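Let's take a walk through this structure together, one region at a time. Have the sequence and the 3D view open as you read.

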Amino acid sequence: MGFVNFLVYLAIMIGIFAIMSLSLNLQYGFTGLANFGQVAFFCLGAYTTTIITLTFGLPFIIGLIGAMVVAGVFGYLIAIPTANLKEDYWAIVTLAAAEIVRIFFLNEGWVVGGGPYRGGAFGVGDIPQPFKSHFSAQTYPFFYLGIVLVCLLITYLIINKITDAPFGRVVKSIREGNDHLAQALGKDVRRFRLKVMATGGVFGGMAGCLWAHYYGFISPSQFLPLVTFIVWAMVIVGGKGNNKGAILGTIVITLFYNSTRFLKDYIPINEITLASLRMVAIGVLIVVVMLFMNEGILKEKKKIY
Amino acid sequence: MKKVFLLMGAICMGLLLTAAIPTVSQAASPVVIGSIDPLTGSNAIQGADMQRGEKLAMEQINAAGGICGRPLKIIWEDTESSAKGGMAAVHKLVEINKVHVILGAYSSGISLPTGQWTNSKKIIQISEASTSPKLRNIGPYFFNVMGLDEVMGTKLAEFAMESGAKTFASITVNNPFGIGIEIWTKKTIEKAGRKWLVGVRYDEKKLDYRAELQRLFAKKPDAVFFTAYGTESKLILKQAYEMGLKPPKGWYADYMTMWSNEVIPKTAEGIKGLVMGSNSGARYEAYHKAYLKRFGKDAKQTAFGAYAYDATWIAALAINMAGTATNTDKIAKALYTVSRIYKGVTGDKSFDKDGMQVTDYYRRMIYHNGKLVPYKKK
């Protein structure tokens with residue numbers, strides 16, 4: 001049973017990060033927007049649902065909707081002044097925006113309410129887990145996995161629908177044609193970028209909400225730029241521009257990351273050496289993929305119209 | 001290339017699946033407990049010291065006959081100095097390795113989420129170096145062998161007030177540890193009727209702290225409380241020295257060993273403050289000697305190894321007293337009894353009703369000629 005519980009834990013992690021990967025894949029894989037601040041959506045989603053459900057005591061579903069709306073609006077707003085920037089400038093701006101969000105929550109502890117040891121650098125604990133009273137400690141992770149999988153399925157279906165629709169063809173033309181191709185077809189590139197960022201934000205916020213309610217504790221230190229780069233690794237390894245690839249990349253990185261913990265249980269190796277080697281191995285995995293499979297494990301299916 | 005990935009995937013799944021295979025029980029099967037230390041990431045130096053402290057205690061316990069005649073075995077997992085890594089570590093230890101007692105974590109940001117989860121599973125967790133007062137509310141299966149910020153902050157403020165200073169300010173790192181010190185020094189100062197001027201919080205890894213220093217000294221405090229990790233302390237003290245900023249009644253620092261080996265000596269001359277743990281007695285001497293012999297290193301490089309050593313001993317003695325390695329209600333009860341009897345390397349380890357330390361042992365020191373020396377009141 002313990003082993004099954006551990007797999008459930010891994011599946012929840014995969015589910016949450018797969019939503020993040022699908023969100024980034026829409027922005028980067030399909031539209032070519034190098035968002036280095038993906039963690040901002042995650043952070044906003046986590047804090048928004050915490051404020052709604054913990055500070056105001058409203059139900060989880062309101063927290064989830066609130067997280068998606070706030071992160072989506074943030075994505076839209078951040079894209080307004082930056083929509084005409086080129087890829088490298090876009091990356092810098094989004095990275096900075098994510099740090100601004102994190103530093104805001106680090107310094108403005110009052111937003112979550114409560115006493116001197118709540119909010120800010122102390123983080124926020126006791127975030128309620130939805131419908132927990134209806135389940136035992138053993139069965140609850142299975143229920144939560146169900147919530148995560150439903151959210152992942154919705155995300156996958158919506159993003160797949162978007163990218164298969166004419167909207168998807170336009171954003172791909174933005175990616176391929178350095179704006180000119182889409183503009184030649186009479187498309188407003190700026191407007192499409194705004195929509196993509198808002199949509200990416202909505203699903204990033206959803207992932208942040210699921211994270212907060214699963215862990216029950218959030219703090220600004222959980223939303224460092226490293227999270228963004230792990231999601232990037234998932235998309236790159238899985239295959240950018242391919243939604244199944246983004247999910248596969250998330251599974252590969254998460255399994256690789258966690259399974260290597262078990263090596264020391266079977267091989268006589270020093271724990272510190274193994275811990276350091278695990279970090280090196282993930283870096284090597286990304287380099288190997290970039291060298292030999294630069295389109296990822298699952299290549300983008302390029303349709304001929 | 002896809003075949004390579006399929007093979008790698010198979011290896012990953014294989015490693016996970018082998019974890020599900022039950023091991024054959026042996027006559028003197030070990031008592032297995034877990035440990036979550038930051039073996040990589042920003043706190044890796046402290047994590048390595050903590051692991052050495054735990055390893056030393058484990059070897060001594062086994063040399064003394066083990067627990068109820070069974071050897072003690074610790075499974076170490078890396079928290080990667082992050083909450084996500086810490087959660088992965090406790091999930092593995094509890095669900096795969098089936099441990100009922102976990103040592104660690106190092107920082108409050110990891111002890112809080114892992115503690116909430118282990119407590120919900122009725123697993124004992126003994127935090128070794130976390131100091132946030134929020135730890136107090138986690139639950140009956142969570143313990144801590146280090147005094148919380150309220151203890152350190154209060155004692156540091158009492159020390160500073162003896163200088164006769166009337167006005168106080170603080171410059172602390174903007175994290176739970178730094179803010180906790182600010183809150184408790186301020187509370188103690190104001191309770192004593194002295195004046196608190198300003199609490200300046202700074203972010204780590206900055207290249208310039210002059211703006212923070214100007215804010216700190218704008219109201220001319222008599223004494224200043226100071227918390228910093230090595231890199232930041234070097235820059236803050238250097239810039240304060242260059243700007244000619246020095247409080248008339250002096251600087252007062254907590255956890256001085258965090259920075260005493262890294263600062264430029266002339267910039268830190270005369271700083272007074274507190275250092276954790278005892279520096280005398282048979283337990284202290286024996287620990288340092290054994291540590292040096294076993295690892296070829298000085299145990300004083302961080303103080304955290306000693307706390308981890310004490311946590312391991314307390315856990316082992318409690319399991320031994322409870323006569324069970326799986327009934328965590330009995331182990332929790334035994335932990336309270338053991339904590340009152342056990343005399344640790346880091347001093348008295350008595351738990352209060354919430355499983356937190358009643359007190360901790362702090363030594364008054366002063367930085368003089370490039371090193372920390374015991375403070376003697378003039």
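Start where the two chains meet: the contact draws 37 residues from chain A and 40 residues from chain B. Keep in mind that this is a predicted model. On the side of chain A that touches chain B, the elements giving two or more residues are α1 (2-30), α10 (243-259), α11 (263-266) and α12 (271-292) of chain A. Of these, α12(A) gives the most, with six residues. Sort that side of chain A by class and you get 23 nonpolar, twelve polar and two charged residues.

Stay with chain A and look at how its helices pack. A pair of packed helices is described by the angle between the axes and the distance between them. Take α1(A) again, one of the elements that touch chain B. It packs with helix α9 (residues 225-238) of chain A at an angle of about 70 degrees, and the two axes are 9 Å apart. Angles of 65 to 115 degrees count as roughly perpendicular, and that is therefore the label for α1(A) and α9(A). From α1(A), the residues involved are F17(A), M20(A), S21(A), L24(A), N25(A), Y28(A) and G29(A), and they meet V231(A), W232(A), M234(A), V235(A) and G238(A) in α9(A). The residues of this contact split into eight nonpolar, four polar and no charged.

Now move on to another helix pair in chain A. The axes of helix α2 (residues 38-55) and helix α4 (residues 87-107) of chain A come within 8 Å and cross at roughly 30 degrees. Angles under 35 degrees count as roughly parallel, so α2(A) and α4(A) fall in that group. The crossing of α2(A) past α4(A) is left-handed. Here V39(A), A40(A), C43(A), L44(A) and Y47(A) in α2(A) meet A97(A), A98(A), V101(A), R102(A) and F105(A) in α4(A). By class, that contact has nine nonpolar residues, no polar ones and one charged.

Over in chain B, it's time for sheets. Strands of a sheet pair through backbone hydrogen bonds, in either a parallel or an antiparallel way. One open sheet in chain B has five strands in the order β2-β1-β3-β4-β5, with parallel pairing. The edges are taken by β2 (72-78) and β5 (142-144) of chain B; each has a single partner strand, so one side of each has no neighbour in the sheet. On average, neighbouring strands here are turned by 25 degrees against each other, direction ignored. Zoom in on β3 (residues 101-103) and β4 (residues 124-127) of chain B, which pair in the parallel sense over three bridges. One to pick out is I102(B), whose bridge partner in β4(B) is Q125(B). Helix α2 (residues 44-63) of chain B packs on this sheet and touches β1 (31-37), β2 and β3 of chain B, with its direction at about 170 degrees to that of β2(B).

The other stop in chain B is an open sheet of seven strands, ordered β7-β6-β8-β9-β10-β13-β14, and here the pairing is mixed. Its edge strands are β7 (195-202) and β14 (371-374) of chain B, each with a single partner strand, so one side of each is left without a neighbour in the sheet. From one strand to the next, the twist averages 30 degrees. Inside this sheet, β6 (residues 167-173) and β8 (residues 223-226) of chain B pair in the parallel sense over four bridges, and A169(B) has V224(B) as its bridge partner in β8(B). Finally, helix α6 (residues 176-191) of chain B lies across β6, β7 and β8 of chain B, running at about 170 degrees to β6(B).

Terms used: Residues numbered from 1 in each chain as written. Chains lettered and ligands numbered in written order. Predicted model: local features only at pLDDT ≥ 70, side-chain atom pairs only at ≥ 80, totals over all residues. Contact = placed C-beta atoms within 7 Å. Nonpolar A, V, L, I, M, F, W, Y, C, P; charged D, E, K, R; others polar. Pairing = 2+ DSSP bridges. Axes fitted to C-alpha atoms, helices over the stretch in contact; angles between N-to-C directions. Parallel < 35°, antiparallel > 145°, perpendicular 65-115°, else oblique. Left-handed = near helix turned anticlockwise from the far one by under 90°.
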